[in-house]
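Hi everyone, thanks for coming. Let me put the model up, and then we can walk through it together.

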Amino acid sequence: MAKYVLTVDDSRTMREMVAFTLRKAGYQVREAEDGQKAIEVLKAGPADVIITDLNMPVMDGVTLIRTLRADPKHRSVPILMLTTESDAGKKAEGKSAGATGWLVKPFDPDKLIDVVKRVSP
Amino acid sequence: MNFDHLRATYFEESAELLESAYSHLAALAEGRADGDTVHALFRAIHSIKGGGGAFGFDRLVALAHVMETLLDLLRDGALAFDDGLIGLLLRGADMLADLLAAERSGEALADGIEAELAGAFARAAGLDTSRVVPVAVAAPGSEAVQGWQIRFRPHPALFRNANEPLLLVRELRRLGAVEVRADLSALPALDRLEPEDAYITWSFGLTTSAPRAKVEEVFEFVVDDCALEIEPRVSAEVAKPLMAAEAAVQPEAAGAPAQLAGRAEASAAQSVRVDVVKVDRLVNLVGELVINQAMLVQLGGQLPPDLCPGLIGGLETLSQHLRELQEGVMAIRTQPVRSVFARMPRLVRELSAQLGKEVRLVITGEATEIDKTVVEQLADPLTHLLRNALDHGVEPPEVREAAGKPRQGTVHLSAEQRSGRIVIELSDDGRGIDRARVLARARERGLIAPDAVLSDAETDELIFLPSFSTAAVVSAVSGRGVGMDVVRRNIQALGGRITVESRFGAGSRFLLSLPLTLAVLDGLVVSVGAEAFILPISAIVESLRPPASDILALPGRGAVLSIRGGYVPLLPLHERLGIPDAVTDASRAIVVIVETDNAGRLGLVVDDLVGQQQVVVKSLEANYGPIDGIGGATILGDGRVALILDIPGLATSARPAPPPRPAAEPALALH
């Protein structure tokens, strides 16, 4: 059964790029445009890996990570932050909120697949 | 989906993001900003940059990056917004738009045109621009080692981030053979054990040719949450494994997970993107239904009411639902005029700088929705009107001051829905139309008789005539001809009308009235012989049955109708379309006076007016090819097909070609 990855980003381009890359690698991908929407989507069932942007409207990535880690259902799901180099401070914040790892935008598709594999249970 | 598709998505999204950036900047400039405005602005630029990087649009990324740096300072309150910074950000957004357009079209912009701007951002953000920070590229040394000895002592909190030593082992095994030792000495007694803490220290003996960087990469995400030592393995000494890696690690699923087919992917998005073709098919189908329903109603009306008492009520309910369905489907095609309005502030900024004028553009009603096709085709006429307003309307600051006006001129662009149509208004507080000059010009060009007496409104209308220009100086902005005839033609092609009101010295106001959709037309059904035709209501000025004394025959040029001191050429439709058994005597027929953009007013001679109704436009071109004078077809309630007349097309074929201009007169630049 294909692994299910949830990509959370307010940029449609970024979401589609992540989805495109991972679908080609055989993953099942769902998309959410902010933290709040991600939580809605996760109500339907937990993801195997979550990839989230940090800077988003409504609910940002750090809050999303913190919220998920406080929920027993999502406590141990690998969460990757998709960040830019200018998010350095935010990255540390995300890490302490419970993020598993990170990827730097713009990402190399192979690296994305690689990292997703690396953190997948 | 492929790479081109992703690119298209990126450009589409970037255009939307830029649009939102412009409106946030406008909000900041006008003091309407709230706490989230600068964050939203930052995100917009950030997303453009993020996607741009993925496609290797380096120049764009570099500019967006310095903009982002500045916005970051503004966001944190380290800097405060002022007009200078807003202006700078607007210029930055303009440049991003240009760079995006260049990437999209594949035409590279001149090298370094953004450099000056990027420098300005860097200076505004307080960056030292003299020092270029080199990008550090880690060159992994090719250490010739047989492998690595790794000691990994996780901090207790390792698991809280969903990191997992077993996954690290799995990764290391991809690099080579791994021997694993677990040091359990730190493991507390069961009653003191925190089940979610990490206690075990691991030693990995990795036999591999992979460089250190590869090994470090495996620990990339945990390096801050552990004590990590990586030493080259110099000897082939192999420690006896306490635990075989194979036993600890679940075998990795072979290859990539299987492609999952058939399982619906629930999208979290609140909107769906639909191909316009699909929407058009829906619009068309609903159109068919509307026609069908009209036929049913007509048939139902012929039945004796007691034959089937429920039928009439049922048909009425059907009509009502159908109307709602039609409106709903039409609404899918509509789009806020924002997308075209959003281009105007930039135009005003650039033009006013170029012309040395101070102009404030006020936009209202940009959320008003109108058919997508109409929105797309509005850009040219609006740009034109705006150029004219700035070039010919708004005076230079000194002139304005001398006239007792504020130095800064105001141009107001608005849209609103008014009784089933969209009204777009563009007004300025400039000098208005100089009617004396317009009249003089029209006489000079032979557009009106030397002794003609025109009302103010009629005088203003003259500016819509082809090749009319009052610009005293040929300007780079508007060119020679004002090109208002082209504007009118564009608007009429959209089924709209344009009118102007002006007060000399106080400004002008252009009103564009447009249909909500192009798929449905407000038509006047007229009969000629046994045939019915549809005239677009938007073109009709008036209809009358003229007395015979007002109809004058011109030898060789047909007949004209004398009306209120002017003459309107008559075009008998039965003649033009070859229809037998029609009323040939214009004084016993009906004359419908229509407005054309290319030939002034024209009197169409028809037998009778049947009624006014909304008709669903069916394209003839798809099946027959274009026919001069016919704009399309529709099906009437009684099932008859009626042709929709194309007024400009009729007018062209009705009039003899205009006499050639004297050679001395240069052709006017219409644009």
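I'll call a residue buried if 20 or more other C-beta atoms, placed from the backbone, lie within 10 Å of its own. With that cut-off, buried residues make up 31% of the 671 residues in chain B. Please keep in mind that this is a predicted model, where local features need pLDDT of at least 70, side-chain atom pairs count only at pLDDT 80 or more, and totals for chains, interfaces and linings use all residues. Residues are numbered from 1 along each chain as its sequence is written, and chains are lettered from A in the order in which they are written.

Chain B has 20 helices and 23 strands, taken as DSSP runs (H or I, at least four residues, for helices; E, at least two, for strands) and numbered from the N terminus.

Now to chain A and its helix α1, residues 12–24. Its 13 residues reach 18 Å from first C-alpha to last, close to the 18 Å expected at 1.5 Å a residue; that expectation is 1.5 Å times one less than the number of residues. After α1(A) comes A:Gly26, with a positive phi near 95°.

How many residues of α1(A) are buried? The count is 10 of 13, among them A:Met14, A:Met17 and A:Leu22. The cover includes β1, β2, β3 and α5 of chain A, together with α1 and α2 of chain B.

That brings us to the interface. Taking contact as C-beta atoms within 7 Å, 40 residues of chain A touch 35 of chain B. On the chain A side, α1(A) gives the largest share, 6 residues.

Terms used: Buried ≥ 20, exposed ≤ 12 C-beta atoms within 10 Å, placed from the backbone. Contact = placed C-beta atoms within 7 Å.
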